[in-house]
Amino acid sequence: RLIVDGDSNDYVGKGLSGAEIIVAPQGKTPINSHLSAIIGNTCLYGATKGTLLAAGRAGERFAVRNSGAVAVTEGCGTNGCEYMTGGTVVLLGAVGDNFGAGMTGGMAYVYDEHNVFDKAVNPDSVVWQRFEAAHYEQDCKALIERHARETGSAFSARLLSEWEHERGKFWQVVPKEMLSRLKHPLADAA
């Protein structure tokens, strides 16, 4: 378990294979950590297992080629979850262009406060929808609860306290290749 009190640069969690990394701001700061990058580019590249929780935004190419790690950050730059083959990623803020390009496995949840995700996502390999199954909503919420607890993220805590209002601003992103292989259906039966 690695706890970073402050920020980190590029390649945090590259090849992560089972450890837990927590990155959070150091003490009180005038910087709005939710809107600021706390980890650099190409973080979680090629990860196979483990957890990354960051109380701030990630740079570009976040979780590229992730094949099994779990991560929660407060947004990312361009090419997020590119070529991802496994794992679960929660992004609690805006994402850059080309999100999910070449994604063939795993799942992502994206908080889209301003309803602009459709302009950033690459539609060639993924589908996206609002929560339609209690299983996936609870999966996302549990990861946000862990993020709030482990990083002290004020933004995560606020989302949780206003969950009934904020839950409708999340997108569940699923690779098209996984639609017939999901353990739980994307929508609860009527």
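**Exercise 1.** Describe the lining of the largest pocket in this predicted model.

*Solution.* Step 1: count the residues. The largest pocket has a lining of 13 residues, and those nearest its centre are Met107, His135, Tyr136, Leu182 and Lys183.
Step 2: find the elements behind them. Strand E5 (85-91), strand E6 (105-111) and helix H2 (134-151) each give two or more residues to this lining.
Step 3: sort by class. Five residues of the lining are nonpolar, five are polar and three are charged.
Step 4: give the volume, which is about 270 Å³.

**Exercise 2.** Describe the second largest pocket by volume, lining and class.

*Solution.* Step 1: its space is about 230 Å³.
Step 2: 15 residues line the second largest pocket, with Gly93, Ala94, Tyr111, Glu113 and His114 closest to its centre.
Step 3: at least two lining residues come from E6, and at least two from helix H1 (117-120).
Step 4: the classes are eight nonpolar, three polar and four charged.

**Exercise 3.** Work out how the sheet is built and where H2 lies on it.

*Solution.* Step 1: read the strand order. Eight strands form an open sheet, E1-E2-E3-E4-E5-E6-E8-E7, and the pairing is mixed.
Step 2: find the edges. Strand E1 (2-5) and strand E7 (126-129) each pair on one side only, so they are the edge strands.
Step 3: state the twist, an average of 15 degrees from one strand to the next.
Step 4: look at one pair. E5 and E6 run parallel and are joined by five bridges; Thr85 is opposite Gly105 in E6.
Step 5: place the helix. H2 packs on the sheet and touches strands including E5 and E6, while its direction makes about 65 degrees with that of E3.

Conventions
Residues are numbered from 1 along each chain as its sequence is written. This is a predicted model: local features need pLDDT of at least 70, side-chain atom pairs count only at pLDDT 80 or more; totals for chains, interfaces and linings use all residues. Side-chain values use heavy atoms; hydrogens and water are left out. On a 1 Å grid over the protein atoms alone, a cavity is a set of points where a 1.4 Å probe fits but cannot get out, and a pocket is an open set with protein on both sides within 12 Å along at least five of seven lines; lining residues have an atom within 4 Å of a point. Grid points are joined across faces, edges and corners, and a volume is the space filled by probe spheres set on the points. Helices (H or I, at least four residues) and strands (E, at least two) are DSSP runs, numbered from the N terminus. Ala, Val, Leu, Ile, Met, Phe, Trp, Tyr, Cys and Pro count as nonpolar, Asp, Glu, Lys and Arg as charged, and the others, Gly among them, as polar. Two strands pair if DSSP finds at least two bridges between them. Axes are lines fitted to C-alpha atoms, for helices over the stretch in contact, and angles run from 0 to 180 degrees between N-to-C directions. Contact means heavy atoms within 4.5 Å.
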